[in-house]
Amino acid sequence: MNSIHTPVAKSATMVAKPARLLSLDALRGFDMFWIMSGEGVVHALAKATGWPLLLWMSGQLHHTEWNGITFYDMIFPLFLFIAGVSMPYSIGGKASKHGVAHPYLLPSASRGEIYRSMIRRTIILLFLGVVVNGLFKFNGLENTRFASVLGRIGLAWFFAGVIYLNFSTRGQVLWFGILLLGYWAAMELIPVPGYGAGVLTMNGSLESYIDRLLLPGRLHDKVHDPEGILSTIPAIGTAMLGIFTGQFLKFESIKWPMWKKGACLLAAGILLIGLGMLWNIAFPINKRLWTSSFVLFVGGWSLVFLSVFYLVIDVAGYRKWAFPFMLIGVNSILIYLAAEGMVDFQHTANFFFGGIISHLAQNWQPVWAAISVVIVQLALLYFLYRNKIFLKI
């Protein structure tokens, strides 16, 4: 999911040659930055200054309770979208080596090899997700949460990959529509015992009912899990939006220079945002249910973010500013696991900077404490980068 190659051209009118898509690494790092420590800096700054802009940003770095959306709700699906963008480069490269234009034309033996790699990666992500949830606390199976962020990434990415491996672009688009429309129909039409059909509440939704019925162990919200079983179906659509994007960026034609691709991504993103808002009228945008309108709305913003990073970094060539994000992006799973509890960065930051911070103005100490955590994390990532140590799954 981290190894990407794509066109980088000296001129916007040249047909591109394969090179690393730095904008995708940087965007992945930008996305991960907020949950590894960036949110803490913004919250501390908002509290210390009281500035309206920072207070608004702080509010955006919390999940919506139910319907609606914040920037924080976009972080997870943006990462899944990016994983989808990667796929045409990794699997598509194997197709090129075999002299076929599309992965679905690969010989069965080659596809079998890809399947085995995908299954292995999915199993690892499922396991690591449960580890992040506290598997090694050994609180008993009934107190262990099995649904997870990493597990959903693994499953959605895997099934999107199966579709990509077996169908043409037209077939992939058809599956995308079936997934989103089918999920909408199921949520609206299938009755839940004691609630009826189309009740999109935490207790009454079909997604929550299936979680209570089939998910072992502890649910995140007791009666509902935001990474539950049924809502993984539309999450496959999020990964597929990334796959469509990756195929488009990978396509080489003198009629489609890089700047034009970036502009097209921006336009497509705005269109999807509009469609998501329109669908929101009938099927509310809801991250916890991963509604079909949520897929389109966040998919649109994902395209907008990618278009900006792509145009600035890969087309215009302004890259130095994004180096910290790139450090995060090339080791995104590692820093996620570390920040989720495997490493106590706050303790390390306090060891090195706590003495100095204690002599600063008291209301600004939390700000500098949060910044010190970022410094420690980036120092670790830089050390890993310089020594070419990357966690690849």
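**Close-up views of a predicted model**

**View 1. W301 and F305 in helix α10.** W301 and F305 are four residues apart in helix α10 (residues 292-315), so about one helical turn separates them. Helices are DSSP runs of H or I with at least four residues, numbered from the N terminus. The model is predicted: local features need pLDDT of at least 70, side-chain atom pairs count only at pLDDT 80 or more, and totals for chains, interfaces and linings use all residues. Residues are numbered from 1 along each chain as its sequence is written, and side-chain values use heavy atoms, with hydrogens and water left out.

**View 2. Aromatic contacts.** Rings of Phe, Tyr and Trp (its six-membered ring) pair if their centres lie within 6.5 Å; planes under 30 degrees apart count as stacked, over 60 as edge-to-face and the rest as tilted. The count by this rule is 27 aromatic pairs. In the tilted pair of W301 and F305, the centres are 6.1 Å apart and the planes 40° apart. One aromatic cluster is formed by F30, F33, W34, F71, W301, F305, F309, W321 and F325.

**View 3. Burial along α10.** Of the 24 residues of α10, 19 are buried (under 20% relative accessible area, with exposed over 50% and partly exposed in between; 1.4 Å probe, protein chains only). W301 counts as partly exposed because its relative accessibility is 30%. Just after α10, G317 has a positive phi of about 85°.

**View 4. A charge over a ring.** K260 lies over the face of W256, 5.1 Å from the ring centre. The rule requires NZ of Lys or CZ of Arg within 6 Å of the ring centre and within 35 degrees of the ring normal.

Notes:
Helices (H or I, at least four residues) and strands (E, at least two) are DSSP runs, numbered from the N terminus.
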